[in-house]
Structures are given as C-alpha cells and as structure tokens.
Amino acid sequence: MGFKHIFFKEETCTGCNACVEVCMCDAFAPNPVKGKPPLLVYPEECWFCGCCISRCPSREQGAIRMVTPFQMRGSFQRDRREAS
Amino acid sequence: MKHLNLVPIETDVLVMGGGLAGCMAAIRAAEEESVRVTLVDKSNTLASGCAASGIDHVWSYIPPVHEKMGYTLEDMAEDHRVGTSYGFFRRDLFTLAAGTMYERVLDLEGFGIRFRYEDSKIPGGFRIVPQFHSVPTSFNFDGGPLKPVLTKEARRRGVQIVNRVQMTDLLVREGQIAGAVGVSNRTGDIYFFRSKSAVLSSGRSNRLSRNPTGFDFNTRMPSPMSGDGTSMAIRAGLPVINIEFLSNILGLGPCGNYNPNYGDPRNTVQPAARIVDGRGNVIVPRTQFYDWESLGQVKWTEAVRQQWLADRKAWRGARAGLVKRHASGEGPFFLDFSEASDEEIAYIEWSIRHEGKGTQFLRYFLGEEGADLRRNRQEYAGLWPREISGTAAKGLWVDKNLETEIRNLFGAGDEVGGLPWQASPGAFTQGWHAGAMAARRAKEQRSLLQPERETVARRAQMCDAMVNGSDGFHWKEVEIGVQNLMDFYCGDVRSEGLLKRGLERIEDAKQAPLRAENPHELGRCLDVMSIIDNAELVLRSSLERKESRPGPLGFVRADYPDQDDKNWLVFLAIRKDEHGRFNFAKLPVDP
C-alpha cells in the first residue's frame, strides 16, 4: 500500500468533487462512479494546505479528513511540567 | 493518448496567473466597460498562489493611524529601504504598495473581507501589528476566504476564468504582446490566446531545492508555482533581476509541515511566543507591544527608527545566534506561550486560522495531537528547503507603470522584482495598477495583432512527443536530479568552479527527454522545464555576482567572501539575447 493521508467517509461524502476542483496540486480525480468519493491519485504532490477540507461542503460531517504524515509532525513537549 | 487539440481564445486583456495579483488585475481591468478579460490559472483561482489558503496580514501606510503618529509615507519608505530591503530598494514600487494599499483594503472590505473588530482600541476598529517598519503597519484581518471572494468578484465583472491551463510561451509581434500559449493539465489541449495587452503574474519559483521532509511538494510557499513566468520572460528576451538569491533564509523555525507564523516574536501574530531553551531560560523575549492608548500624544521621531533598527539587529542576531547556539550543543529551543492570557491565546488561534496552512495546523495540533498552545511548547528547529524568498525580490524588471520591455505586457505581484517583502501589498497594488494599465492599452488598440503561429506549433509538437513518446524520463526523476544538483553546486556556499560545473550538469537536464502518461503528468513535465530554466538563471547569476552578502540574503561565494557595496549593491539583471547568449546589467538601487 502506498502513502495516503487524505481519507473520505463514504456515508457523508456526496461526491460533489469540490475538493477535486479546489486542489492546487491537482492531486485528486473524480470517482468514475457518480456520487462516490473522489480518488486521491497523487498524494505525494500535496502541498498540505488543507483547502480540500476547508472548502468541503460536508466537512462538518467528516466527509474528508487529513492525517498529518509522520515526518511532518511538529516536535513539542507533551507536558511541560514533566519535562522541567 | 490521442492527438492534442488546439483551443483558440481571443480577448482584450489576458492575465496569466490567478493568485492575488492576477485576480486583482482581472477585477480592475474588467471594471472598464467593454473590455474583455481572460484570467488563466494553472490550478484554480479558488485556491492558488501564496494566498491560496488565506493570509492574515498585509502592510500599508494607513493614513488615519499614521498621521496621528506624525509618521509619513517617506518615513515608512526609509524604514523599508534600510531595515527591510537592506538597500535593494525600488522607491516607485514601494510608493505604489504602501501608498495605495489602504485604498485596496477599503476595496477588499467592499468585497466582504473583514478588517474591523469590536474589541479594537485602534481608530477605524482595525487590528494593526508591527512587521517591517518602526511603527505598526500591518493589518491583521480575516483573510482565510480571500481567494474564493476574489474569484467571485472577478466572475461578477464578467471575467472569463480558464483554470488548469499553465502558460508556456509569450507571443510577441514587433515588440508588442500579441498573445500567449498555454497547455491544459486536465485535457492536454494547447491554448492559443490572442490579446491586446497582458499581465504576467505567475508568482515565485518554489521547487529549486530538495525538501528535507521527504515530500518534494512540501515547500514553504506553494509548490505548484514553478517559475513559469520567469521562464517565459527569459525566453522572450526580458530581463530578470535578483534570481541569484536562492538561499536558506530561515535557519531554525517551527518544524514539521507547518509554519503557522506564530513563533517569531517579531512576526505578525502579535502577541507571540518567546523563545526559551530546554531549561526554560529566555533566549528571545516576547515582543514589546505598541501602546495604542497613547496614540497621537507622542509624535514619531528619528529616535524611534534608530531604536527599531537596533532592536531589529539584536533580533537578527538572536536568530543567527540560535543557529550558532544549536551548533555548539545548547539546543533544543522552544516557543513558549506559558504566560499568554486566555484572550491572547484566542487571538493567536484566530490569527493562525486565517494564514497559510493555519487551519490545518490547528486541526493537527489541537485535534490530532490533543495539544495545547500554552502547555505544549513547540520546538524551534525547522527543516526547510532553500528558496527564493520575499527578501530576494526576484523577478521581472518593469518600469514605474509595471510595463516590461514588451509593449502592453505588464508584471504584477511576486513576478516583479525590486521590492523585498512586497508580498501581499505588492500583489494587491501592482495587480490593481497593472489591470488598469492593461485595460487602458487594450482600449487604445483597435484590433488584435496576428502573432506568429510557429511557437504554438512547436509547443504542440513538443507536448505531443511527451505524451505519445514511449521513451523518456518521468518528470520526477529529472526534477529531483535538478534539485540535487542545485543543492550541491549552488548551495549555501558557492564558487566559480562549482557553479560552472553546475551549468554543465544543467545542460544534461535540459537534454533529458521527458515522458507523460496523461495531461496531469504533461503539466508536471512543463513545470520541470520551467524549473530547469530557473535553475540555470540562478547558477548564471550566482556566477556573475562576485561578492558575498550575509543573511537574510544569505549569498555566499567562497571565492569572494566580502560584501562589496561599491560594486554590488545593485540589481543584477540577466537576459538572453536572440542568439541564445546571456547578458548581464547592473541596475541601480534607489537611494
């Protein structure tokens, strides 16, 4: 299985393809089956701006979500008191 | 794949690149009656360019506030020239940006962008924070929805928006713009535009260096921007300045994917964090805030500038010092918000939400990690690729009306060189001005020129070979190869020997055949061709500039280690003549 960081929820994604249109990197393609979630074709070309999420009409219903890739996670102190 | 179709489009004003500058140009041009405007974007104007996912700040001279301080536009110009541009300064571009941005803010408010807040203590109800000048000059605003809003305004004025077409060639006839060629990265169709005037606003060149996170497209500024405008301009014989300033300007910064702009105590999220070491010792204190209560009581004086310059020097020192401290084993360093009040945290989250990848940062930081700004100190470390940043002010050399040497062709935004950190004010104001100029020229001209068709045919043939040929490299192989050679031969330390070898190697990249399996990959192949052109210009200009300049420009020639203001405090312009030879000119900076 290749790298993937954008996940759709079949039950709430209406297949409107707003994310396909808005993606600056052209990372998605519409699903050949109408009404189904788009396909993430080029995940490694993502700029991680999140416009696919912030401009999704069904975002409140969790239709689309991003899991931040491991190597791009921040480094922070989990609990300041413990660390000091 | 099948043979590529030719799509002809005739218009009056052609705008190439639909970021902030391009959208503003199209909106302004379309305000003129009976002027047809076409706006082309390689992505979608709803989310493209540096403001794709929003910006939360824009600098300006703000008359209702700055007049009360006794701070003039000339005072601000001098602040910018000395403290922000480090001498690489075009006064005309500054005056256009600082002097007209307030009018553009009022326009943006008219479009529905929010700039005023009930809790503000500042005249007008604004939020104004310090950024590049000795007094606060940057509006903080709800800029998250900028691109959808500007797209709507453009459509409302009848602008024809052509998305997913990347521009490849300028068509010139007898020294005047006649049109341009583009390629659709969705269909592979070749677009043949004819226009009476044009605006070039394709932005920065952002994929010239390997990315340490392992994701090549995880550049700090948007990765689709591959310097297409610079590439087109050079091939059309136009001069480009400052392109040698590809450097690592950032040193340490908040690490990971997100640069939510809250970490630098001198950045535009105010109040911000302070920087502490692992034991909690304060390395860089929090910013001192402007006392708005006393606005108008104390007038600005030269002493304010001198204090600001001293602070700025200390801050730059602190930042460079961090890198040095880190190297001597004193790290790690952290951004510390532990003393921030609830009100400040609410403000910081609001500000982050409207800027860049901020929405996703908050979702990640608060959601995925379950973290808390106050309790969980973020490490100040950073893994950044080198970039041609806002400090470099790389781009087209234009006249005071933003016109290039090709008549009726104007530049706007980051496409234009000469004003460091012109950033969004540059884009808003130059876009507006270029749009007005291009519309005027279009009205003056009766009919479209007939451009030569050879360039269109050649581009179609080249694309056809890439999509229908069986041999060739995948675009990514060549792109990574070019980035590697740039990092090796044109990295943090340069020299004549290395740069010359880099130029030999770039020839190999130019000769490498590319193959595309579909229109999307065809678009990427065209990106790579732009990247190669840009890389070559960086190498050539780096070879020509025989001096070193310390950070933030970070230009180091091992064979010319000293800064040489007498000979090199100039804009270095590179151009290609009709025989394919590169020429240089030293253009004066403004005093």
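Me: What share of the 84 residues of chain A counts as buried?

Reply: A residue is buried if 20 or more other C-beta atoms, placed from the backbone, lie within 10 Å of its own, exposed if 12 or fewer, and partly exposed in between. By that rule, 38% of the 84 residues of chain A are buried. Please note that this is a predicted model, where local features need pLDDT of at least 70 and side-chain atom pairs count only at pLDDT 80 or more, while totals for chains, interfaces and linings use all residues. Residues are numbered from 1 along each chain as its sequence is written, and chains are lettered from A and ligands numbered from 1 in the order in which they are written.

Me: Which pattern does chain A follow along the sequence?

Reply: Helices (H or I, at least four residues) and strands (E, at least two) are DSSP runs, numbered from the N terminus. Chain A has three helices and four strands, in the order β-α-β-β-α-β-α.

Me: How many residues does each chain bring to the contact between A and B?

Reply: Two residues are in contact if their C-beta atoms, placed from the backbone, lie within 7 Å. Chain A gives 28 residues and chain B gives 38. On the side of chain A, α1 (18-22) and α2 (51-54) each supply at least two residues. That side divides into eleven nonpolar, eight polar and nine charged residues (nonpolar: Ala, Val, Leu, Ile, Met, Phe, Trp, Tyr, Cys and Pro; charged: Asp, Glu, Lys and Arg; polar: the others, Gly among them).

Me: At what angle do helices α4 and α10 of chain B cross?

Reply: Axes are lines fitted to C-alpha atoms, for helices over the stretch in contact, and angles run from 0 to 180 degrees between N-to-C directions. Helix α4 (residues 91-110) of chain B and helix α10 (residues 423-444) of chain B cross at roughly 80°, their axes coming within 9 Å. They are therefore roughly perpendicular (65 to 115 degrees; under 35 is roughly parallel, over 145 roughly antiparallel, the rest oblique). The residues of this contact include B:M101 of α4(B) and B:W432 of α10(B).
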